[in-house]
Structure formats: structure tokens, C-alpha cells
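Have the structure open while you read, and follow the points in order.

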Amino acid sequence: SKRASKTQREAMRSLASRLEGPFTLQEYTDTIRETHALILDAAGNRYLGSLMLPLQGLSRRFWIVHAREENGDIERGGELHRAILTAIADGNAAAATNASRALNDYLVEFALAVVARRATR
């Protein structure tokens, strides 16, 4: 969040406002791709992308396959990504870290819930 340029911060604010919803699953997944790209670009670390892109792609695909609107998954994902974008746009590294951890915690819980549902079949 410390390296983001003014233009990158403005783009993040714009994207964060789009994540206020409501939106379809397709619209949401499009914004998440943009979110990932903006964050990686703002980090200014060319090696980070090569590490994160495969993980983000796998995580995003898993989530898309198993997300259920009736469970509030789309809204929750939007809230969590919006928090990250807003924190970075504000230059608040601690809030960005906390928001990133909250997203990670959600994704882990989401994956475990999916696995548990499949195990009981």
C-alpha cells in the first residue's frame, strides 16, 4: 500500500465502489481479476506476480465453482475485496494487512466448508 501511485489509488477507489454491488457472479469475478491485477501492479514487485497469479487463479476458480448466492458468498467476497482496495487506496498498510488476512481466513473457511459438504455425501 505504500508503493501505490496516485493513479493506482484512484483506480482502486473506483473498483471498490463497483464492489458495493449488487452484481452478478460474472460481474464479481471480473472485478476480482481487476482487483488482483491492481494490487500486484501497485506492489511494484515483478516477482510477486509470478508467485501470486497461479494461486489467485486456482483460488478464484475453486470459489466460482462452489459459491452460492443464497449463502451470501458474492456479497461477502465483495466486502472483503473492497476492504483491501480501500485500505491500500488510503495508504493504510495495517488495515490492508488485516483486510488481506480476513479474506484469506474467509477463503480457508469456505474451502473447508466445501470439503466438509462433499465428505458427508
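1. Let's settle the residue classes before anything else: Ala, Val, Leu, Ile, Met, Phe, Trp, Tyr, Cys and Pro count as nonpolar, Asp, Glu, Lys and Arg as charged, and the others, Gly among them, as polar. By that scheme, the lining of the largest pocket has 23 nonpolar, 10 polar and four charged residues.

2. Keep in mind that this model is predicted, with local features needing pLDDT of at least 70 and side-chain atom pairs counting only at pLDDT 80 or more, while totals for chains, interfaces and linings use all residues. Residues are numbered from 1 along each chain as its sequence is written, and side-chain values use heavy atoms, leaving out hydrogens and water.

3. Now the largest pocket itself. A pocket here is an open set of points on a 1 Å grid over the protein atoms alone, where a 1.4 Å probe fits, with protein on both sides within 12 Å along at least five of seven lines; lining residues have an atom within 4 Å of a point. Its volume, the space filled by probe spheres set on the points (joined across faces, edges and corners), is about 890 Å³. Of the 37 lining residues, Met 52, Gln 56, Ile 84, Ser 100 and Leu 103 are the closest to the centre.

4. Which helix gives the largest share of that lining? It's H5, with 12 residues. Helices H2 (25-43), H3 (46-66), H4 (73-89) and H5 (93-119) each supply at least two residues. Helices here are DSSP runs (H or I, at least four residues), numbered from the N terminus.

5. The second largest pocket has a volume of about 180 Å³. Its lining includes Leu 19, Pro 22, Phe 23, Glu 69 and Arg 82. By class, that lining has four nonpolar, two polar and five charged residues.

6. On to the packing, starting with H4 and H5: their axes are 7 Å apart, at an angle of about 160°. Axes are lines fitted to C-alpha atoms, for helices over the stretch in contact, and angles run from 0 to 180 degrees between N-to-C directions. Contact means heavy atoms within 4.5 Å. Among the residues in contact are Leu 80, Ile 84 and Ile 88 of H4 and Ala 99, Leu 103 and Phe 110 of H5. The contact of H4 with H5 has 12 nonpolar, two polar and two charged residues.

7. H3 and H5 pack with axes 11 Å apart at about 50°, which makes H3 oblique to H5. Residues that meet include Phe 62 and Trp 63 in H3 and Tyr 106 and Leu 107 in H5. This contact divides into seven nonpolar, two polar and two charged residues.

8. What angle do H2 and H4 pack at? About 25°, with axes 11 Å apart, so H2 is roughly parallel to H4. Tyr 28, Ile 32 and His 36 of H2 are among the contact residues, as are Gly 77, His 81 and Leu 85 of H4. Here the classes come to eight nonpolar, five polar and no charged residues.

Note on methods
Parallel < 35°, antiparallel > 145°, perpendicular 65-115°, else oblique.
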